[in-house]
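Good morning, colleagues. Please take a moment to look at the sequence and the structure as they come up, and then I shall go through several of the contacts.

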Amino acid sequence: MDKAITRLQQQETVEDIANTLDNLTAVQREVLSQKEETPVNCRKMLNRRVIADKLTKSIAKYPQGLFRKNTSISQLNAALEAMDTAAIPEDLVNNPLSCANLFKKAMSTDKTLDISKFKNAMTTKKGVTQVDNAALKKVFVGLTEKMTPDQKDALSINLSVIKKAFYFAPATDESEGKQVVTKDDLLDIFTDSLFQFPPVKQASIEKMNAKINSQKEAGRALLKGILEITTENAGPGPLS
């Protein structure tokens, strides 16, 4: 760990820090995260990876609601506030449900994808949104090129975890009452955390709900499309 800390102390760019962290094993990253000597400027990127490492192990074991259930809000908020400068408490990161909720909250605070930017890649007819993946890839690449290195790093890690969650989630719930989280459930969960949606103008409750539902439908279709065009960088396996 001393060598890893020394290398990190010598890195000046986000890309170099990311490469150094990615060349470590999951166990090494966890140990590094608990070291007081770990440079503060590496903390946020390291914590992202520790969360992703933990969830990668947990996703396949907890199909009954890993990302759907809520845990202590105060504990999560405290961990979220400290993510940039300190280690995530071990009892939190080692609790699969708390770790999953921290992942969602961290992603929600760092939304970089504005759904309105993808209009040219989507068509909606009779409430059903279709995505042109070729057009989507062009828009997605253009947006990511404008992101800061830290934003790109966060998006890459987030998509990696989301992709793995989709890989292990069933297409339908045939669990006989265990409330397994399906792929469609995950679309709902992660759409809310990943995308920025334009505000809905005041109107009748019916029109507001219709607009919100339309946005969410577009978000679900868009997220599925993004996972499909980033397969090589977002984990193993098909979406269905």
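I begin with the salt bridge between Lys216 and Asp192, whose closest N and O atoms are 3.0 Å apart. Please bear in mind throughout that this is a predicted model. Lys216 belongs to helix H11 and Asp192 to helix H10, so that the pair links distant parts of the chain, 24 residues apart. How accessible are the two partners? Lys216 is partly exposed, at 26% relative accessibility, and Asp192 is partly exposed as well, with a relative accessible area of 37%.

A salt bridge also joins Asp188 and Arg220, where the closest N and O atoms lie 2.7 Å apart. Here Asp188 is in helix H10 and Arg220 in helix H11, and the pair therefore ties together parts that are 32 residues apart in sequence. Asp188 counts as partly exposed at 35% relative accessibility, and Arg220 counts as partly exposed at 24%.

How many salt bridges does the structure hold? The total is 10. The side chains of Arg48 and Asp153 meet at 2.8 Å, N to O.

Two packed helices are described by the angle between their axes and the distance between the axes. For H7, residues 96-108, and H10, residues 183-194, the axes come within 7 Å and cross at roughly 40°. The two helices are therefore oblique to each other. Which residues make the contact? On the H7 side they are Phe103, Lys104, Met107 and Ser108; on the H10 side they are Ile189, Phe190, Ser193 and Leu194. By class, this contact has five nonpolar residues, two polar and one charged.

Leu222 is placed in H11, which spans residues 205-229. Is Leu222 buried or exposed? With a relative accessible area of 0%, Leu222 is buried. Which residues does Leu222 touch, once its neighbours within four places in sequence are left aside? They are Ile115, Phe118, Met122, Val131, Leu136 and Phe195.

My last topic is the cysteines. A disulfide is a covalent bond between the sulfur atoms of two cysteines. How many disulfides does a search of the whole structure find? The search finds zero. The sulfur of Cys42 has its closest cysteine sulfur in Cys99, at 20 Å, which is too far for a bond. Seen from Cys99, the closest cysteine sulfur is in turn that of Cys42, again at 20 Å and too far for a bond. Cys42 counts as buried at 0% relative accessibility, and Cys99 counts as buried at 1%.

Thank you for your attention; I shall be glad to take questions.

Notes: Residues numbered from 1 in each chain as written. Predicted model: local features only at pLDDT ≥ 70, side-chain atom pairs only at ≥ 80, totals over all residues. Heavy atoms only, no water. Axes fitted to C-alpha atoms, helices over the stretch in contact; angles between N-to-C directions. Helix = DSSP H or I, 4+ residues; strand = E, 2+ residues; numbered from the N terminus. Parallel < 35°, antiparallel > 145°, perpendicular 65-115°, else oblique. Contact = heavy atoms within 4.5 Å. Nonpolar A, V, L, I, M, F, W, Y, C, P; charged D, E, K, R; others polar. Disulfide = S-S within 2.5 Å. Buried < 20%, exposed > 50% of the residue type's maximum accessible area, 1.4 Å probe, protein only. Salt bridge = Lys/Arg side-chain N within 4 Å of Asp/Glu carboxyl O.
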